[in-house]
Amino acid sequence: MPIHRRFTAKNALITLIALLFLALFLHLKAELWDREPVVAPVEQDGKEEKAQQSSATGARRTAVVIASQKTEDPKWLDEYFPQWEKNIYKVDDQDAPLTVPKNKGRESMVYLTFIIDNYEKLPDNILFIHPQRYQWHNDDPDYDGLPMLRHFQLAYLEKEGYVNIRCAWSLGCPAEIKPLEEAGEHRAAVHAGGDYKNSFELLFPGKEVPKHVGVSCCAQFAATKDKILQRPKSDYEHYRNWLLETDLDDSISGRILEYSWHMIFGKESVHCPTTKECYCNVFGLCELECKESGSCIGRYILPPYATLPDGWPFVGWNKEERNRSSAEE
Ligand SMILES: *[C@@H]1O[C@H](CO)[C@@H](O)[C@H](O)[C@H]1NC(C)=O
């Protein structure tokens with residue numbers, strides 16, 4: 001039955017070709033039509049909208065974790081950054097929606113508690129910050145957190161995994177703590193003294209205590225979910241247990257963690273990029289004129305006191321009227 005056979009062979013060939021076309025069609029459809037839009041992090045050199053950028057796409061979640069007290073109300077964040085998820089912890093209020101197991105170790109207890117309680121459902125970008133808009137350590141000529149956060153480059157964070165939200169060196173860089181030279185010293189107040197070495201050994205067992213530790217001060221930084229997940233949850237529980245159990249004063253235990261976050265998130269013990277580089281990467285301010293000593297013209301200077309005057313930024317240190325030294329934008 002040669003004819004019948006030829007027919008079968010021809011039919012088989014046609015079927016095969018049809019199937020190949022169908023497969024090609026399905027493949028192309030999947031590739032070209034059905035794909036989720038891919039959102040690439042956007043590098044920008046202007047200012048503003050940075051914050052809005054990635055969350056407006058709906059692709060990545062950005063959150064702030066705020067270590068505050070009952071009396072502090074960080075509503076300025078709602079007003080200016082409505083697109084960010086807010087996690088407002090009240091360390092001194094056990095009835096607050098978000099609080100800590102024990103009010104100890106300053107902001108570090110809040111940051112660790114957030115990570116532990118949200119480890120399985122972390123937002124993509126997390127900014128760990130203090131509540132007030134104006135704070136002496138905010139890296140802004142008016143100590144204003146608004147332009148500081150508006151300029152913050154989420155795209156850079158997404159690339160780095162961890163970014164300190166401060167560039168000025170005055171306080172923290174280039175080597176705030178010298179654990180070995182200061183071993184045995186117990187000067188409270190400013191330095192963590194010898195306590196740093198002992199605590200480091202407890203916090204990071206098996207790791208060599210660094211000779212110098214430096215990072216721009218004051219425990220406001222950002223980390224990505226991916227970076228945080230590079231450590232097991234048990235590490236963060238271990239740090240928090242240390243904090244819960246330590247006999248050290250809050251000012252010291254808080255400070256020890258303040259000078260550990262950068263290492264927890266994978267940076268060298270001295271993490272002090274030049275201010276020129278840092279302002280450009282972290283805040284998109286790339287045209288500054290900067291000095292070796294770790295400051296840039298027109299940017300942060302250390303204020304005379306840690307408490308800003310009432311009425312700041314329109315009332316100065318001697319109750320004199322003053323104007324803002326830079327824009328809110
Ligand atoms: C503040 O700025 C206004 C408008 O430029 C100016 O008239 C005023 O003198 C300034 N005040 C101070 C205290 O510098």
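Two residues count as in contact if their C-beta atoms, placed from the backbone, lie within 7 Å. Keep that one in mind. Helices (H or I, at least four residues) and strands (E, at least two) are DSSP runs, numbered from the N terminus.

Now, the ground rules. This is a predicted model, where local features need pLDDT of at least 70, side-chain atom pairs count only at pLDDT 80 or more, and totals for chains, interfaces and linings use all residues. Residues are numbered from 1 along each chain as its sequence is written.

Overview first. The chain has 12 helices and nine strands. Of its 329 residues, 38% are buried. Buried means 20 or more other C-beta atoms within 10 Å of the residue's own; exposed means 12 or fewer; partly exposed is in between; the C-beta atoms are placed from the backbone. Take the contacts with a separation of 6 or more: 67% of them join residues 24 or more positions apart.

Next, the sheet. It is open, with five strands in the order S2-S1-S3-S6-S4 and mixed pairing. Two strands pair if DSSP finds at least two bridges between them. Strand S2 (85–90) and strand S4 (162–164) are at the edges with a single partner strand each, so one side of each has no neighbour in the sheet. Neighbouring strands are turned by 15° against each other on average, direction ignored.

Look at strand S1, residues 62–68. S1 pairs with S3 (residues 125–129) in the parallel sense, over five bridges. There, Thr 62 stands opposite Asn 125, and Ile 66 has Ile 129 as its bridge partner. On to S2: S1 pairs with S2 in the parallel sense too, over six bridges. Ala 63 stands opposite Glu 85 in that strand.

How many residues of S1 are buried? Seven of the seven, so S1 is largely enclosed by the rest of the structure. Thr 62, Val 64, Ile 66 and Ser 68 point one way; Ala 63, Val 65 and Ala 67 point the other. In a regular strand, side chains alternate between the two faces of the sheet.

What lies across S1, S2 and S3? Helix H4 does, running at about 145° to S1. Axes here are lines fitted to C-alpha atoms, for helices over the stretch in contact, and angles run from 0 to 180 degrees between N-to-C directions.

H4 also matters for the core count. A nonpolar core is a set of buried Ala, Val, Leu, Ile, Met, Phe, Trp, Tyr and Cys residues joined through C-beta atoms within 7 Å. The largest has 65 residues, and Val 65, Val 110 and Ala 222 have the most contacts inside it. H4 gives the largest share of this core, six residues. Beyond its neighbours within four places in sequence, Ala 222 contacts residues including Asn 125, Phe 128, Leu 157 and Val 163.

Now helix H9. Tyr 236, Tyr 239, Arg 240 and Leu 243 are buried there. Turned away from the buried side are the exposed residues Ser 234 and Glu 245. The cover over the buried residues includes helices H4 (107–117), H7 (195–203) and H10 (250–258).

Last, a loop. Gly 266 sits between helix H11 (261–264) and strand S7 (270–271). Gly 266 is partly exposed, with 14 other C-beta atoms within 10 Å. Not counting residues up to four places away, Gly 266 touches Gly 161, Tyr 162, Lys 227 and Gln 230.
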